[in-house]
Amino acid sequence: MKIELLDSVYEELTEICLGEYRNDKVDVLELLEKMMDHPQIPMHYPYHHFILPAALLTAVGKQAGKSEDELKNMLQTAKERSKFVPPGSCGNLGNCGSGVAAGIFMSIFTDCNPHGEETWQWCNEITGKCLIAVSGVCGPRCCKRTSFLSLQAAAPYIKEKLGIDLEVPESFECKYYEKNPDCKLELCPFYPVKRKIEIVVPDTAMPRLDPVNPCECQKKPVDLTYKKGKLHWLFKVGDRIEKDDMICEAEVEKKTIEFYAPASGVLTEILVNDGDKFNKGTILGYIEA
């Protein structure tokens, strides 16, 4: 199957890089995702062989003080070289394009060629480190996952050899997984992990003001350390909840207090039912964020 690569897409990706380059600082991960978000970039496609070296050249070039014209020339070279990386090379050649892309970056930035010495080693070594990282998750391929893995593997090597810290986070979440029917889900280190968050009774809580029968006692917090209350839920298990929604209320010594969601998510479990008693530190239920 012939894969068509449009020069117009490369030009637009280049403009994204140049736009970021004009800012005070370039966030390499943010730039990588900005290019991935281009409407003509599918889940898997050879454009990714350009996206990674383009992001690295832009971020490293910014810190190294390269001019915008120098960056344009480097991006043009990256485009030309990335087109030589065959589609499906990860499975067909055993050489993922994201690893090669890191080597393309190093070769261009250090002005390396087949006759180079130290930089020749760097180009091959950074590629090897990226391929080892990519192979740490089994197939099928995912151009987003392999790009992220190669970025994480390349960043410390770039810092070691070039003295430039790209500040790539040790962990972050992929936002593209729903578009990939072959997503490895929990086996992928970038798959969003659902967090189980406790809804816990605090030490104190302010009572709800009664507009009909106001009194000074309603202006003082209720100490729940020794006082017990009876609960009433405003949501049921399975309901979607937004952070700071009032999710339940309770009566404590004839005062009404309110409890709010600590995070957005789904109410997955209720441990204290309507009418049950509780006090400070009681876990009322869980939200899956």
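## Pockets and aromatic contacts

About 180 Å³ of space lies in the second largest pocket of this predicted model. Its lining is made up of 15 residues, and Cys 90, Cys 96, Val 134, Ser 135 and Thr 146 are those nearest the centre. Two or more lining residues come from each of α5, α7 (118–134) and α8. Sorted by class, the lining of the second largest pocket comprises seven nonpolar, six polar and two charged residues.

The largest pocket has a volume of about 260 Å³. Its lining counts 19 residues, of which His 44, Tyr 45, Gly 88, Arg 141 and Cys 143 are the closest to the centre. Four helices, α3 (48–64), α5 (89–92), α6 (97–109) and α8 (143–162), each contribute at least two residues to this lining. The greatest contribution is that of α8, with three residues. By class, nine nonpolar, nine polar and one charged residues line the largest pocket.

The structure also holds nine aromatic pairs. Two of these pairs are described in the table.

| Aromatic pair | Geometry | Centre to centre | Angle between planes |
|---|---|---|---|
| Phe 105 and Phe 109 | stacked | 5.8 Å | 25 degrees |
| Tyr 177 and Tyr 191 | edge-to-face | 5.1 Å | 75 degrees |

Phe 105 and Phe 109 both belong to helix α6, and because they are four residues apart, about one helical turn separates them. Both Phe 105 and Phe 109 are buried. Phe 109 has a further contact, as Lys 66 lies over the face of its ring at 5.3 Å from the ring centre.

Are the two tyrosines buried or partly exposed? Tyr 177 has a relative accessibility of 26% and therefore counts as partly exposed. Tyr 191 has a relative accessible area of 18%, so this residue is buried; the cut-off for buried is under 20%.

Beyond these pairs, Tyr 10, Tyr 45, Tyr 47 and Phe 50 form one aromatic cluster. Tyr 45, a member of that cluster, is also one of the residues closest to the centre of the largest pocket.

How values were computed:
Residues numbered from 1 in each chain as written. Predicted model: local features only at pLDDT ≥ 70, side-chain atom pairs only at ≥ 80, totals over all residues. Heavy atoms only, no water. 1 Å grid on protein atoms, 1.4 Å probe; cavity = no way out; pocket = protein on both sides within 12 Å on 5 of 7 lines; lining within 4 Å. Points joined across faces, edges and corners; volume = space filled by probe spheres on them. Nonpolar A, V, L, I, M, F, W, Y, C, P; charged D, E, K, R; others polar. Phe/Tyr/Trp six-rings, centres within 6.5 Å; stacked < 30°, edge-to-face > 60°. Buried < 20%, exposed > 50% of the residue type's maximum accessible area, 1.4 Å probe, protein only. Lys NZ or Arg CZ within 6 Å of the ring centre and 35° of its normal.
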